[in-house]
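Subject: Structure for you to look at

Hi,

Here is the structure I promised. Please open it beside this email and follow along.

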Amino acid sequence: MTDLLNLVRQAVLTPSGLQDGDIEKIMNCLLSASVDDADIYFQSSHSESWVMEGGIIKEGSHSIEQGAGVRAVSGEKTGFAYSDRIELPVLLEAAGNVKAIVRHGQQAQMGIIKTAKWPRYYPIVNPLPSLATNQKIDLLKTVDSETRKLDPRIEEVIVSLSGTYENILVANQDGSLSADVRPLVRMNVSVIVEENGRREQGSMGGGGRSDYNYFIEQDRALNYGKEAVRQALVNLEAGEAPAGNMTVVLGPGWPGILLHEAIGHGLEGDFNRKGTSAFSGRVGERVASDLCTVVDDGTLPGRRGSLSIDDEGTPTEQTILIENGILKGYMQDKLNARLMGVKSTGNGRRESYAHLPMPRMTNTYMLPGQHDPQEIIKSVKKGLFAKNFAGGQVDITSGKFVFSASEAYLIEDGKITSPVKGATLIGNGPDVLTKVSMVGNDLQLDSGVGTCGKDGQSVPVGVGQPTLKIDGLTVGGTSV
Amino acid sequence: MQNQEQINQLKNTVQDLLDEAKKQGATAAEAGLSQDNGLSVSVRLGEVETLEYHCDQGLGVTVYFGQRKGSASTTDLSPASIKETVSAACSIARFTSEDSFSGLPEQQLLATEFHDLELYHPWDVNADKAISLATECEDAARSFHPEISNSEGASVNSHQGIRVMGNSLGFLQGYAATRHSLSCSVLAQRGDSMQRDYWYSVARNALHLESAVSIGNKAAERTLRRLEGRSLSTRQCPVLYCAETASGLLGSFIGAISGGNLYRKSSFLLDALGSQVFPEFVRIHEQPHLKAALGSAAYDGEGVATKPRDIITGGILQGYVLGTYSARKLGMQSTGNAGGVHNLTIDPGTLDFDGMLKALNTGLLVTELMGQGVNMVNGDYSRGAAGFWVENGQIQYPVEEITIAGNLKDMLKNIVAVGNDVDYRGNIRTGSILVEQLSIAGE
Ligand SMILES: [Zn+2]
């Protein structure tokens, strides 16, 4: 663990010549006011992306983002400043500005003392050089040409590859220094197909906290291409989607975006501390059928939404949100946990040093149930089977949420029949899970594509679920 | 002027970048740099919640080796970093393909006239002043009605920044701009029904901001009117998009005529140039040179001169929205839209909001849309919505948990009227828009 700390020190502090003693100076400036919490967050992140389109390597880019954020918290008040210059005078000035928000108080002294030990859930690796540039280009070209071969109706293939190598260092007012190295890779294939003048698209991708070899292992990259083409061809056949309230069966994996939107955001600590969520004050109450157990879990090895420590230096955990239908608890960062008298659950996340942390999801999923997915389909006389989704959104106060299907089929007399066009599904978060009448035994996590937005901040997340049957959800098609 | 000095300094840095690119063998290059400072304050339940000092900077460079290109960016503006960033871009260009459409804009399209668009209006607002303004705004909302039960707070934001860009054709320009805003979001409760809504004002010049009290009152009013919303039965009916949601509709139209979607053939308006896209009474145009407006710019993201122009006249599509690359792919010329449109405006009709409600007569007024649900390739449209049910031109009750669906191609053609209740807070300026018939799905 000290190796990790030294590695991150080298990556983040050494280039600007900052020492531990300087961190103490900045922190002591913050601590000359009476604060409940104070931290300094250092970040250095290197990323690249490559795009192949129209059969050529069209674009490549490289970017470096680095800086530090200084925060002081007192009660419900937060003062925050940041700079992309990691220099002592700049950060001392930031600290001086930030502490103006709180009363002047006792003179505390902080000395850097310790670094705790915690498990790691992904390798300490820089994904950027994990393949030589010509190997990255070859990978893109192979995926492009193999995908184009799959069907004569393919008009266009766009393949993208990106990677980020991020180092973060958090200094807390108790003197602890926590470090993390966070690799993240992502690949995507999207295709346009055309038949008799009708054009449709399909898209598939994945990734995780790993290096680029992830896409070569198990032919993942080639399979993204196959899946994108399959989806696009299905959409060529799709008829009008139905409109109205009906039984909906959601496929396993990425459709777990339901959980993220319908209940996940509503269970974030800040909204519940403030009483602005449709779930506020409902711990201990039934919010789902007893078939439903939902967790947020930052500890899954190598997943896109996983973190060894959150952005406040708290180790992540598996947090039970709903157990057998009963609401168990919220996802917390330090500030909201303190104000609600509970422990942080390791969900304090921020987009970068230039943003304030807040409670955010990691990987949110439902545990598997008893039913064979075939049985679930068989039990539906008339309904919709939604297999893939684009994105979603929620109003945490009213509880209303949407998520948009990108691949869906009618279910008629217990059989999946004809494909229908994408449609938005809308429901009410606090009661949608009470209508879950069957849960499959086929839990799947998504392939590693999720990005969650909140208050203008984006962070990578994961979702997952087994096949689910919901007795009544509004489907926004055009066929009445 | 201190700004001019700073702009000149940043111009020198951009020139250094371009020189460095040339030194490293690039045949052409383009570089941009920005520096922003800002203050945000939020007040919740009468107490300061956050005080944030923003300070951002960044530079980006694109190099060309013949027709291969590479890009790189960084937040570090030191001389050493400039060298490294250029070299990162150059090493990328060794691996990208020859692309006969790539390269800098044509010299004769670059902007040569730079009138003062009056985008820079610093606001002498310090933390204390911002706190008292936000407090005044939130107080107005909270005291508006006893059913206002909680608050997400009010906030004041003030930002000022400088942008400089240049290319190896000799273009080197910069300008300073400001952006200030005041917003408020509150909750209301009646029985089991809890709702939240907000209102905001944003302007280049703080003097143009709506008053704190008016913003607070509107936030409260908008929240209260949503209480006890219900779903609708599934049906077909006309839909009135309020001005704020109407801008999204026009945004989707702009997406469909944008070069990137056109040359990728992922637009429902392929080959629509010269054809009837809207009804005859519709005119849509760009006004890039409006003084102090939020979307104003003398040149686009590549230095190409922006021009006032009609995009729709008599309902007919007059031109696409193109940058240099997409223009060349389509065998056309850049329209000065690298980075988007500038103050896109649909000519307002004669009806105010009440008149538009009467024109709707019986149908759905949409005040909020949720989710993506727009398929650019085929125009399929299906989104979550909230709003009000209207009968005989009168609002009856709030509606939520419904979706509205149709196809954008038909929706644009079936616009019945555009209101004069224009929302000036964004880059798309429109009044409310009435669409003839859409599918509503509900309980
Ligand atoms: Zn989210």
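Below is what was found in it, starting with the ground rules.

This is a predicted model, in which local features need pLDDT of at least 70, side-chain atom pairs count only at pLDDT 80 or more, and totals for chains, interfaces and linings use all residues. Residues are numbered from 1 along each chain as its sequence is written, chains are lettered from A and ligands numbered from 1 in the order in which they are written, and side-chain values use heavy atoms, with hydrogens and water left out.

Chain A as a whole

Chain A has 11 helices and 22 strands. Both are DSSP runs numbered from the N terminus: helices are H or I with at least four residues, strands are E with at least two. The radius of gyration of chain A is 24 Å, close to the 23 Å from the globule rule for 480 residues, so the chain is as compact as a globular protein of that length. (The radius is taken over C-alpha atoms; the rule is 2.2 Å times the number of residues to the power 0.38.) The C-alpha trace of chain A spans about 75 × 55 × 35 Å along its principal axes. Of its 480 residues, 63% count as buried. Buried means under 20% relative accessible area, exposed over 50%, and partly exposed in between, with a 1.4 Å probe and protein chains only.

The cores

In soluble globular proteins, nonpolar side chains tend to be buried together. A nonpolar core here is a set of buried Ala, Val, Leu, Ile, Met, Phe, Trp, Tyr and Cys residues joined through side-chain atoms within 4.5 Å. The largest one has 67 residues. L30(A), I40(A), F42(A) and L169(A) have the most contacts inside it. Its largest share, 6 residues, comes from helix α3 (residues 127-142) of chain B. Another core, of 50 residues, lies apart from it and includes V239(B) and W389(B).

Now look at F42(A). Setting aside neighbours within four places in sequence, its contacts (heavy atoms within 4.5 Å) include V12(A), I86(A) and L169(A).

Strands in chain A

Two strands pair if DSSP finds at least two bridges between them. Strand β7 (residues 243-250) of chain A runs parallel to β14 (residues 382-394) of chain A, with 4 bridges. One partner pair is V248(A) and L384(A). β14(A) also pairs with β15 (residues 400-412) of chain A, antiparallel this time, over 10 bridges. There, K382(A) stands opposite E412(A). The hairpin of β14(A) and β15(A) has 5 residues between the strands, and G399(A) takes a positive phi near 85°.

Strands and a helix in chain B

Is strand β1 (residues 28-44) of chain B enclosed or open? It is largely enclosed by the rest of the structure, because 14 of its 17 residues are buried. β1(B) runs antiparallel to β2 (residues 47-65) of chain B, joined by 17 bridges. Their hairpin has 2 residues between the strands, and L45(B) in the turn has a positive phi of about 50°. β1(B) also runs antiparallel to β4 (residues 148-167) of chain B, with 14 bridges. In that pairing S42(B) stands opposite S155(B).

Last, helix α2 (residues 79-93) of chain B. Its 15 residues should span 21 Å at 1.5 Å a residue, and its end C-alpha atoms are 22 Å apart, which agrees. The expected span is 1.5 Å times one less than the number of residues. Buried residues in α2(B) include S81(B), I82(B) and C90(B).

Best wishes
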